[in-house]
Amino acid sequence: MQLYNYFRSSASFRVRIALQIKGLDYDYLPVHLVKGEHKAPAYASRVGDALVPTLVTDEGAALTQSMAIIEYLDETHPTPALLPATPLARARVRALAQMVACEIHPINNLRVLKYLVHELHVEEDAKNAWYRHWVRSGLEAFERQLALLAQERAAQGMAPSVLCWGDTPTLADCCLVPQIFNGQRFNVSLDQLPLTMGAFEACMALPAFQRAQPSACPDAEA
């Protein structure tokens, strides 16, 4: 497989985590977003949205959108599973993942921040305030959801979660960890989020997450 990827892209980071958890080999093909390499015809002609990541399967199919890629990997390489066994638990994990991928990330990714600056002429401090506000409020909602799920698990006699759901990595963890990395880059306040940061720290103790992090990428920059 081949992964078109940018080391700082949260969406690319999610897929790298999934590939590492499943122990899948792939060729790393860097696409520098800041330099606009994703807009070059050689890449943009392959995918409709001209974004990263793109995963090219062994059969040559080009897959886009990180959530779809990760579920494809989970279906084609089911062990270890990134979604729980029961429909209710799978819905819980998907909801957590989508709180990051659909609520927090879209309004704070690179192209949105660039539009704020270049088209709307938002000052740098205001742009950063925008970022911090939406990431912090989204993570506070994530924390509340983890607390509700902890109550649900306790009521059902289930063990407390070590990660986002249970004690093995799921789709939710694949989404949470890159968002925390980005939040740290922009100095988002991450205090008073004990369940969220507990899950993050437990993830980062695992080799798969360490190998997938931006600093481990061949195109990493300071």
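User: Where is Val177 placed, and why does Val177 count as buried or exposed?

Analyst: Val177 sits in helix α7, helices being DSSP runs of H or I with at least four residues, numbered from the N terminus, and strands runs of E with at least two. In this predicted model, local features need pLDDT of at least 70 and side-chain atom pairs pLDDT 80 or more, while totals for chains, interfaces and linings use all residues. Residues are numbered from 1 along each chain as its sequence is written, and side-chain values use heavy atoms, without hydrogens and water. The relative accessible area of Val177 is 0%, so Val177 is buried (under 20%; exposed is over 50%, partly exposed in between; 1.4 Å probe, protein chains only).

User: Which residues is Val177 in contact with, leaving aside neighbours within four places in sequence?

Analyst: Val177 is in contact with Phe13, Ile17, Phe200, Cys203, Met204 and Phe209, where contact means heavy atoms within 4.5 Å. Val177 and Ala199 lie 22 residues apart in sequence, with their C-alpha atoms 8.6 Å apart.

User: What makes Ser12 count as buried, and which residues does Ser12 touch?

Analyst: Ser12, in helix α1, has 0% relative accessibility and therefore counts as buried. Residues up to four places away in sequence aside, Ser12 touches Tyr4, Asn5, Tyr6, Val52 and Pro53.

User: Why does Leu63 count as partly exposed?

Analyst: Leu63, in strand β4 (residues 62–64), has 23% relative accessibility, so Leu63 counts as partly exposed. Not counting residues up to four places away in sequence, Leu63 touches Pro53, Thr54, Leu55, Thr57, Ile69 and Tyr72. From Leu63 to Gln184 there are 121 residues in sequence and 29 Å in space, C-alpha to C-alpha.

User: At what angle do the axes of α3 and α7 cross, and which residues meet?

Analyst: The axes of helix α3 (residues 66–76) and helix α7 (residues 171–185) come within 11 Å and cross at roughly 140 degrees; axes are lines fitted to C-alpha atoms over the stretch in contact, and angles run from 0 to 180 degrees between N-to-C directions. From α3, Met67, Ile70 and Glu71 meet Leu171, Cys174 and Cys175 of α7. The residues of this contact divide into five nonpolar, no polar and one charged.

User: Where does α4 bend, and what do its buried residues pack against?

Analyst: Helix α4 bends by about 35 degrees at Gln98, the bend being the angle between axes fitted to the seven residues ending there and the seven starting there. The buried residues of α4, among them Val93, Leu96 and Ile104, pack against α1, α3, α6 and α7.

Methods:
Ala, Val, Leu, Ile, Met, Phe, Trp, Tyr, Cys and Pro count as nonpolar, Asp, Glu, Lys and Arg as charged, and the others, Gly among them, as polar.
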